[in-house]
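Subject: Structure for you to look at

Hello,

Here is the structure I promised to pass on. Please open it first, then read my notes below.

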Amino acid sequence: MLAFAFVLLCTLASALANQVFLGSSSTLTSCLVNNSLNFEVSHNSTWPNDTTPFNLRYLGHYTPAAIVYPTLTSHVVAAVKCANESGIHVSALSGGHSYSASGYGSQNGTLVIMFRDMAQITYNSSDATATIQPGARLGDVALELNKHGRAMAHGLCPYVGVGGHAGFGGWGLSSRSWGLLIDQVVAADLVLANGTERHVSDLQYPDLFWAIRGASSSFGIVTQYIFKTHQAPATVIRYAYGYQNPNLSEDAFAKLLTSYQTWGYTAPKEIGIVANVWNGGKLVELGGYYMGNLSDFTRISCSLLQATGSPNTMYVENRTWVAALIEVAGATTLSTIGKPDDPRTFFAKSLVTPTHSPLKNTSLAMFARYFAQASIPPTTSWFVQFELWGGRDSVIMSIPANGTAYPHRDHLWTIQFYAYSDATWSETDTNFVNGMVSAITYNMDGTTLGAYANYIDPTLTGWQSKYYAGNYARLAAIQKEVDPRGVFMKAQNIGAPEILPV
Ligand SMILES: Cc1cc2nc3c(=O)[nH]c(=O)nc-3n(C[C@H](O)[C@H](O)[C@H](O)COP(=O)(O)OP(=O)(O)OC[C@H]3O[C@@H](n4cnc5c(N)ncnc54)[C@H](O)[C@@H]3O)c2cc1C
């Protein structure tokens with residue numbers, strides 16, 4: 001990643017202090033007690049567990065003022081009003097899987113509203129929608145909908161929460177057929193910064209409805225979503241093609257990836273595909289699932305393999321919908337009930353590539369040279385995912401750039417650069433990830449590359465345009481109107497300053 005050379009133009013803390021007032025913890029506690037809210041503060045025995053972020057790089061970074069556990073929307077309303085009275089910030093935490101622990105806010109003393117106990121998933125057979133509370137996890141959503149023969153497009157990890165995932169995008173292997181998770185939202189209920197409740201849809205408060213589909217945490221606390229659902233496929237074709245070559249040359253690597261890129265422009269929407277480049281770069285795996293029958297898949301995979309060349313390993317299997325979701329998650333079950341996820345220590349960055357500016361052969365060759373030569377601690381592992389979001393008939397691309405707050409519609413790939421460590425995170429690790437991005441953007445001057453806010457990167461400079469492109473100005477205007485005092489303000493929320501402490 002970009003050499004941790006993020007310049008401290010000003011600190012987030014001082015900028016936020018301009019917008020919110022000084023809080024008093026006793027005022028807050030009295031208010032929470034008076035409203036009979038279920039909450040905990042730092043002397044509770046469950047506090048260390050409940051303040052441990054999924055990304056252990058942020059362990060101990062932010063200490064909340066208190067954590068509230070609502071079971072009803074009225075509890076969220078009361079909590080937001082208490083925070084207002086006490087002059088402190090509020091942040092929602094749903095699945096807790098933010099890469100930057102952003103559910104805890106981005107400074108000490110935030111009132112965290114944790115949706116652990118608001119995780120209901122209800123399928124409405126009358127209109128084939130699903131009403132889902134933000135604390136529900138993707139794996140449990142998939143299982144519950146599957147009981148009714150229904151499904152939605154969403155991310156691969158069963159533990160990711162609907163609250164954050166549906167706030168900033170929500171991509172999965174069926175997104176080229178069904179869109180991002182935000183594209184399946186038909187309505188939502190929010191609590192605004194002043195404690196007012198809003199039901200938002202295309203017809204009611206359309207500006208807010210637009211804004212929460214890509215930047216939700218800046219505008220309100222979502223207490224439930226209504227999603228359209230799709231018929232779950234009885235089976236899908238699971239496939240993986242492995243290109244293993246201890247001597248994969250820079251040129252061979254670049255050719256493989258550019259061939260996959262070229263093929264992606266015309267790939268049918270039924271195919272979900274990612275190229276994973278694993279640790280060391282000597283294994284590239286093209287895999288995912290196809291939402292159709294084997295004979296159609298055979299034709300499509302032939303065109304892919306004609307472009308990319310013969311793989312060393314090949315895996316093609318018919319799988320039930322749920323079995324395929326389990327496999328792509330690398331899990332043994334989709335259920336998360338009673339089994340917490342294992343936190344880890346990691347850092348990730350993303351790039352979103354415009355359709356009209358494919359990555360160049362020279363850029364991919366430079367990337368291959370970089371990862372072959374860079375040194376990282378032996379306790380650090382990495383992978384890079386080239387996720388195909390676009391292509392001729394991808395549903396993600398069928399929506400105009402200003403159709404939702406999420407703007408990157410005319411784009412081909414979202415690339416995720418991810419490193420994780422079993423040891424204490426070091427600056428060498430961070431520099432390694434920054435270096436991957438610098439290498440792959442070599443020779444790409446003049447191309448505007450975006451970033452994906454659900455792969456949040458608190459070191460990203462210019463995040464406003466990289467996440468939101470031409471939609472930022474409209475988002476900023478709506479934010480000023482609905483949250484003028486900055487009750488929800490935190491790092492990389494709309495209206496926040498450029499620089500962020502890490
Ligand atoms: C292991 C792993 C796998 C992933 N796989 C994918 C993937 O396949 N596809 C993909 O697109 N993304 C993926 N992601 C990224 C994921 O979509 C984001 O991290 C997402 O924001 C997490 O949502 P959460 O509710 O779990 O997180 P939280 O940490 O609870 O929340 C994240 C952000 O959303 C805000 N938020 C949460 N709830 C609400 C609410 N009710 N109202 C308003 N704002 C809210 C929080 O304040 C915070 O800013 C993955 C992440 C991880 C860790």
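Two strands count as paired if DSSP finds at least two bridges between them. That is the term to have in hand for the sheet. Please also keep in mind that this is a predicted model.

Start with the strand pairing. Strand β17 spans residues 380-388 and strand β18 spans residues 411-421. Nine bridges join the two, and they run antiparallel. One place to look is Phe383, whose bridge partner in β18 is Tyr418. Strand β17 also pairs with strand β13, residues 271-278. That pairing is antiparallel too, over five bridges. Here Val274 has Glu387 of β17 as its bridge partner.

Now the whole chain. DSSP runs give 15 helices and 18 strands. Along the principal axes, the C-alpha atoms fill a box of roughly 70 × 55 × 40 Å. Of the 502 residues, 51% count as buried.

Next, the core. The largest nonpolar core holds 150 residues. Which of them touch the most other members? They are Val68, Ala79, Leu111, Ile113 and Met436. Helix α4, residues 73-86, gives this core its largest share, seven residues. Neighbours within four places in sequence aside, Leu111 is in contact with Leu28, Pro64, Ala65, Ala66, Val68, Ala79, Ala83, Ile88 and Val90.

Last, a loop residue. Leu56 sits in the loop between α3 (47-50) and β2 (66-68). Is Leu56 buried or partly exposed? Leu56 has 17 other C-beta atoms within 10 Å. A buried residue needs 20 or more, and an exposed one has 12 or fewer. Leu56 is therefore partly exposed. What does Leu56 touch, leaving out residues up to four places away in sequence? The answer is Pro343, Arg344 and Thr345. Thr313 is another matter. Leu56 and Thr313 are 257 residues apart along the chain, and their C-alpha atoms are separated by 35 Å.

Those are my notes. Over to you.

Best wishes

Technical notes. Residues are numbered from 1 along each chain as its sequence is written. This is a predicted model: local features need pLDDT of at least 70, side-chain atom pairs count only at pLDDT 80 or more; totals for chains, interfaces and linings use all residues. Helices (H or I, at least four residues) and strands (E, at least two) are DSSP runs, numbered from the N terminus. A nonpolar core is a set of buried Ala, Val, Leu, Ile, Met, Phe, Trp, Tyr and Cys residues joined through C-beta atoms within 7 Å. Two residues are in contact if their C-beta atoms, placed from the backbone, lie within 7 Å.
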